[in-house]
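Morning, everyone. One structure today, and I will keep it quick. Please have a look at the screen.

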Amino acid sequence: MSKTISRVIVRTVEETCEFALKEVAPVLKEGDVLILDGGLGAGKTTFVKCIVEYYGISGNIVSSPTFTIMNVYRGEKVKLFHVDLYRIEHNDDIFFDELFETSSNCIFLVEWGKRFVTDIVKMVEGRIFILNIRIIGDQKRELIFETYSDN
Ligand SMILES: Nc1ncnc2c1ncn2[C@@H]1O[C@H](COP(=O)(O)OP(=O)(O)O)[C@@H](O)[C@H]1O
Ligand SMILES: [Mg+2]
């Protein structure tokens, strides 16, 4: 059962980052997975940038790993795995299989991960969270941070 942890309406990228820094990043621990849900241009990669900066890593190195599938960002204390499953069609994809193998010592930030959430649950030991991003206007977004499960 999913449970809403926090939600907000934001009007700027700065407000999105503020929510990421105050409400989301402090909750995440090594081994956890944050799935970013929302259509093209919703702000999934932007949100990853905000989270990455929480760990003292420059957001400038963040880009959507649409073709590489995964980017790794190393902070002083934690390693962040930024995954984009947009191009993965099936859960039997050879890459998908190994993606979450090293899941215990890093935090996963997964774009387009919601359609594989039941597979991800089986592969990781940590908790699964979902951040829903809904575009309301030009810059206006609704952000809903919720648990997927607490296994
Ligand atoms: N409130 C907001 N929160 C996040 N992004 C926003 C917001 N308002 C406008 N944007 C813009 O929307 C775009 C989102 O792009 P991106 O993060 O790459 O989306 P996605 O990864 O979901 O495709 C960026 O250009 C960002 O500057
Ligand atoms: Mg993206």
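A word of caution before the numbers. This is a predicted model.

Start with the chain as a whole. DSSP gives four helices and seven strands. Read from the N terminus, the order is β-α-β-α-β-β-α-β-α-β-β.

Now the overall dimensions. The C-alpha trace spans about 40 × 30 × 30 Å along its principal axes. How does the radius of gyration fit a compact globule? A compact globule of 151 residues would come out near 15 Å, and the chain has 14 Å, so the two agree. As for burial, 32% of the 151 residues count as buried. Then contacts. Take those with a separation of 6 or more: 63% of them join residues 24 or more positions apart.

Next, the ligand. How many residues surround ligand 1? There are 16. The closest are Thr16, Gly43, Lys44, Thr45 and Thr46. The largest share belongs to α2, with three residues. By residue class, the shell has nine polar members, four nonpolar and three charged.

Last topic: backbone angles. Most residues other than glycine have a negative phi. Two residues here go the other way.

Take Ile69. Its phi is positive, about 70 degrees, and it is not a glycine. Where does Ile69 sit? It is in the loop between α2 and β3, the strand at 70-74. Is Ile69 buried or partly exposed? It has 17 other C-beta atoms within 10 Å. Buried would need 20 or more, and exposed 12 or fewer, so Ile69 is partly exposed.

Then Trp112. Here phi is about 55 degrees, again positive, and again the residue is not a glycine. Trp112 also lies in a loop, between β5 at 106-111 and α4 at 117-123. Why does Trp112 count as buried? Because 21 other C-beta atoms lie within 10 Å, and the cut-off is 20 or more.

Over to you for questions.

Conventions. Residues numbered from 1 in each chain as written. Chains lettered and ligands numbered in written order. Predicted model: local features only at pLDDT ≥ 70, side-chain atom pairs only at ≥ 80, totals over all residues. Near = placed C-beta within 6 Å. Helix = DSSP H or I, 4+ residues; strand = E, 2+ residues; numbered from the N terminus. Nonpolar A, V, L, I, M, F, W, Y, C, P; charged D, E, K, R; others polar. Rg over C-alpha atoms; globule rule 2.2 N^0.38 Å. Contact = placed C-beta atoms within 7 Å.
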